[in-house]
Amino acid sequence: AELRQFLKLVRPEWCKARRNGRSDIQRVMDKLRSVGVVDKWEFMQRVAKNRINEDLAGAGHTCFSRDTLECVMKQTAFFRALESLNEANFRQTGLFAHVP
C-alpha cells in the first residue's frame, strides 16, 4: 500500500483506469514486484543507484522514462527530508496551528 501511494505521488496519471479496467499503477506494481521491489524504500534505493531499469530490462519489462526517474528522485529527496524532521523543525499552519 505504501509503494502504491508513493507511485501515485510520482505519477498521478497512472491511477486512471484503462479500457480493460486495469490502471497503469497496477501494471507498474506488478512489474516492480517481479524484480523484488515490494516497498517504496527499495524502489527509491534502486532508482538512486541507477539499477531499477537494468533490473526491469533483465526481467523483460519496459524501463521507466527519464522523466519518471526524475520525479522519483524529487519525491525521494522530500521523503528523506521528512525522515530527519522532528517537532522542533516544523510548524503547523492553518486552522489547527498552535500559534496564530
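How close do the axes of helix α1 (residues 2-10) and α3 come, and at roughly what angle do they cross? I began with this pair of helices in the predicted model.

**Entry 1: α1 and α3**

I looked up the two axes and found that they come within 8 Å and cross at roughly 50°. The helices α1 and α3 are therefore oblique to each other. I then listed the residues in contact: E2, L3, F6 and L7 on the α1 side, and K40, W41, F43 and M44 on the α3 side. Sorted by class, the contact of α1 with α3 has six nonpolar residues, no polar ones and two charged ones.

**Entry 2: α3 and α5**

Next I turned to helix α3 (residues 40-48) and helix α5 (residues 66-83), whose axes come within 10 Å and cross at roughly 120°. That angle makes α3 oblique to α5. I noted the crossing of α3 and α5 as left-handed. From α3, the residues K40, W41, F43, M44, V47 and A48 take part; in α5 they meet L69, V72, M73, T76, F79, R80 and E83. By class, I recorded nine nonpolar, one polar and three charged residues for the contact of α3 with α5.

**Entry 3: α1 and α5**

I then examined α1 against α5. The axes of this pair come within 9 Å, with a crossing at roughly 115°. I recorded the crossing of α1 and α5 as right-handed. The residues in contact are F6, L9 and V10 from α1 and T68, C71, V72, Q75, T76 and F79 from α5. The class count for the contact of α1 with α5 is six nonpolar, three polar and no charged residues.

**Entry 4: Q75**

Which residues does Q75 touch, not counting those up to four places away in sequence? I found F6, L9 and V10. Q75 itself lies in helix α5. I also looked up the separation of the C-alpha atoms of Q75 and L7, which is 9.7 Å. Along the chain, Q75 and L7 are 68 residues apart.

**Entry 5: aromatic rings**

How many aromatic pairs does the structure hold? I found three. Ring pairs link F6, W14, F43 and F64 into a cluster.

Methods
Residues are numbered from 1 along each chain as its sequence is written. This is a predicted model: local features need pLDDT of at least 70, side-chain atom pairs count only at pLDDT 80 or more; totals for chains, interfaces and linings use all residues. Side-chain values use heavy atoms; hydrogens and water are left out. Rings of Phe, Tyr and Trp (its six-membered ring) pair if their centres lie within 6.5 Å; planes under 30 degrees apart count as stacked, over 60 as edge-to-face and the rest as tilted. Axes are lines fitted to C-alpha atoms, for helices over the stretch in contact, and angles run from 0 to 180 degrees between N-to-C directions. Helices (H or I, at least four residues) and strands (E, at least two) are DSSP runs, numbered from the N terminus. Angles under 35 degrees count as roughly parallel, over 145 as roughly antiparallel, 65 to 115 as roughly perpendicular and the rest as oblique. A crossing is left-handed if the near helix is turned anticlockwise from the far one by less than a right angle, and right-handed if clockwise. Contact means heavy atoms within 4.5 Å. Ala, Val, Leu, Ile, Met, Phe, Trp, Tyr, Cys and Pro count as nonpolar, Asp, Glu, Lys and Arg as charged, and the others, Gly among them, as polar.
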